[in-house]
Amino acid sequence: MKKLINLRHLEINGNNELTYMPSGLGELTKLQTLPIFLLGNDIWDSRHKRKRMGRLSELKFLNNLRGQLVIEGLSNARGGDDKEAHLETKQYVECLVLSYRLLKESTQESEEMVSVMESLQPHSNLKELFMHDYGGARFPNWMMNDRLDLRLPNLVMVHICFCRRSQVLPPFGQLPFLKCLHLFYLYGVKYMKDNPSSPKPFFPSLKTLIIVDLPNLEGWGRRDVAANQQSPSYPCLEHLQLRNINTELCLHLISVSSSLKSLKIMDCSGLSTLPNWISCLTSLAQLSIKDCPNLTSLPEEMRTLRDLCTLEISDCPFLSERCRKEIGEDWPNISHIPKIMVR
């Protein structure tokens, strides 16, 4: 393959049986399209010779890559060549996916994972960052930097899932153009890094926030920012989905999101009632409540939500009984809603 020096586009579909990338790929310096780079484990042939396979250093001089770049199999990364990807020189890559996913359990140490991730700092032009199954005890310094808004100023999408060991989230609230933040199954995370005295807005462009299964999350940063007129919080937030998080934090996130159009609350067993200030969510159009067994009632203030057109309640036995059509105690509070689904 290394002889195809004029190759610009290498299409790899999702139905392939690749287990590693070939050695010599790094010589295709005119390459613009490389959807996936699969980092393989050592493979031995029938003559007990190790097969030559591409390491992350193959990416070093591929500075014309653009669009999306997926790096799979990072659990197979080793020192040396696997710390020479030089992603910071890939100015045309707009979407980066860093994945440790493998069929078998990784033997890579946590600190080695951190070391490899430190070497994968992207260019500041990056717009979308996805991270899957990262097992490091902390996120890399290029993510935890106090000036993340200068390091990665163009990020509009961040998706992190199954990073079980890390306890502190990067200061995502600084990012000026971040529109979507998805956090899934981060069981070790306790809080998000933040500068509470910063005069800058908190999540100034965020439109969609999804937090799923962060049961140990205690702090989210700048909790009192809603009262600070010089530093508004979540001024653009429209879609909020919360599942299995601290009840106090759940209520806090709802309370500071006056621009919300859709709200989903799931698996919050500590939630017993929705607060009266829900009337402040004047733009709310869709409300979904699932698996909240201790939620017993809806406040009268629900009647003021005139834009609310869809209400879905499921697996909430007490609430479902109170919201029974025409006979439930809370029915007068929701009867104005055009579409009501209670299961």
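We'll start with the whole chain, then zoom in on a few residues.

Before you click, know that this is a predicted model, where local features need pLDDT of at least 70, side-chain atom pairs count only at pLDDT 80 or more, and totals for chains, interfaces and linings use all residues. Residues are numbered from 1 along each chain as its sequence is written, and side-chain values use heavy atoms, with hydrogens and water left out.

**Stop 1: the whole chain.** Show it as a cartoon: you have 6 helices and 14 strands (DSSP runs numbered from the N terminus, helices being H or I with at least four residues and strands E with at least two). Of the 343 residues, 48% are buried (under 20% relative accessible area; exposed is over 50%, and partly exposed is in between, with a 1.4 Å probe and protein chains only).

**Stop 2: Asp213.** Select Asp213, in the loop between β9 (208-212) and β10 (239-243). Is Asp213 buried or exposed? Buried, because its relative accessible area is 7%. Now show its contacts (heavy atoms within 4.5 Å): leaving aside residues up to four places away in sequence, Asp213 touches Tyr185, Leu186, Tyr187, Arg243 and Asn244.

**Stop 3: the cysteines.** A disulfide is a covalent bond between the sulfur atoms of two cysteines. Here the test is a pair of cysteine sulfur atoms within 2.5 Å, and the whole structure has 0 disulfides. Select Cys323, which is buried at 1% relative accessibility. Its closest cysteine sulfur is in Cys316, 9.2 Å away, so that's too far for a bond. Finish at Cys280, partly exposed at 47%.
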